[in-house]
Amino acid sequence: MRKRTAHRWQLTLIMMVGVFVAVGSFWLVQVVNQAGQGAGADKFREEPDYIIDRFSTVRMNKNGQPAYIVSGDRLTHHPVGDTSVIDKPFVHSLTTDQPPMNIHAQTAYVDQNNTRVRLDGNVDVVRPATRQAQELRLKTSTLTVYPDEERMETTAPVQMLAGTSTATGTGMKANNATRQIELGGRGTITMPPRAAK
């Protein structure tokens with residue numbers, strides 16, 4: 001009797017160990033599969049959800065009037081963070097109460113629900129001459145633009161040309177609505193001599 005009971009206990013113990021191993025293996029396979037699917041999903045989340053070549057779009061202001069046109073060679077939208085990358089961007093303002101402004105750069109990064117644009121690489125801002133003002137040109141390596149607020153800023157070195165005058169500085173804040181520009185850091189101003197009367 002004791003041999004049978006001992007044999008049953010050994011058999012029961014072996015069966016319980018086998019069940020635990022089977023359940024553990026099943027659980028491990030499920031965990032590995034879910035991790036693999038999660039990694040696959042994350043990989044696809046980083047992929048752009050759409051790409052547009054040679055595009056142009058018009059942004060409207062709060063009154064329903066065209067505010068500015070943004071165009072470029074390619075727009076790549078990333079769903080994570082709802083950001084867009086624009087190759088060779090060109091921004092043209094359409095405000096009627098201020099002189100128009102044109103901005104060129106190598107790359108633009110648009111985020112914060114299309115309210116912030118960071119321009120990188122050979123940023124060139126031009127406000128053409130009008131009857132009241134000379135042509136204004138700004139050159140820098142990076143510039144952050146807030147189009148809805150009509151302002152822009154940078155912490156990089158800036159060169160500004162207003163007619164035949166030149167100013168340089170490190171950092172800049174500009175407001176197109178008030179037509180104020182503030183250069184930061186140490187800089188230089190070069191003004192040609194006034195013509196003799």
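Start with Asp-120: does Asp-120 count as buried or exposed, and at what relative accessibility?

Reply: This is a predicted model. Asp-120 counts as buried, because its relative accessibility is 19% and the cut-off for buried is under 20%. The side chain of Asp-120 meets that of Arg-118 in a salt bridge, at 3.0 Å from N to O. Arg-118 counts as partly exposed, at 36% relative accessibility.

Next, the pair of Asp-124 and Arg-137. Their side chains form a salt bridge at 2.6 Å, N to O. Asp-124 lies in strand β7, residues 116–127. Arg-137 lies in strand β8, residues 136–146. The pair therefore ties together parts that are 13 residues apart in sequence. Asp-124 counts as buried, with 14% relative accessibility. Arg-137 is partly exposed, with a relative accessible area of 28%.

Now Arg-151 and Glu-153. A salt bridge joins their side chains at 3.4 Å, N to O. Arg-151 is partly exposed, at a relative accessible area of 27%. Glu-153 also counts as partly exposed, at 26% relative accessibility. This pair belongs to a network: salt bridges with shared partners join Glu-149, Arg-151 and Glu-153.

Back to the whole structure. It holds 6 salt bridges. Among them are Asp-120 with Arg-118, Asp-124 with Arg-137, and Arg-151 with Glu-153. Why do such pairs form? Side chains of opposite charge can pair when their charged atoms come close.

Note on methods. Residues numbered from 1 in each chain as written. Predicted model: local features only at pLDDT ≥ 70, side-chain atom pairs only at ≥ 80, totals over all residues. Heavy atoms only, no water. Salt bridge = Lys/Arg side-chain N within 4 Å of Asp/Glu carboxyl O. Buried < 20%, exposed > 50% of the residue type's maximum accessible area, 1.4 Å probe, protein only. Helix = DSSP H or I, 4+ residues; strand = E, 2+ residues; numbered from the N terminus.
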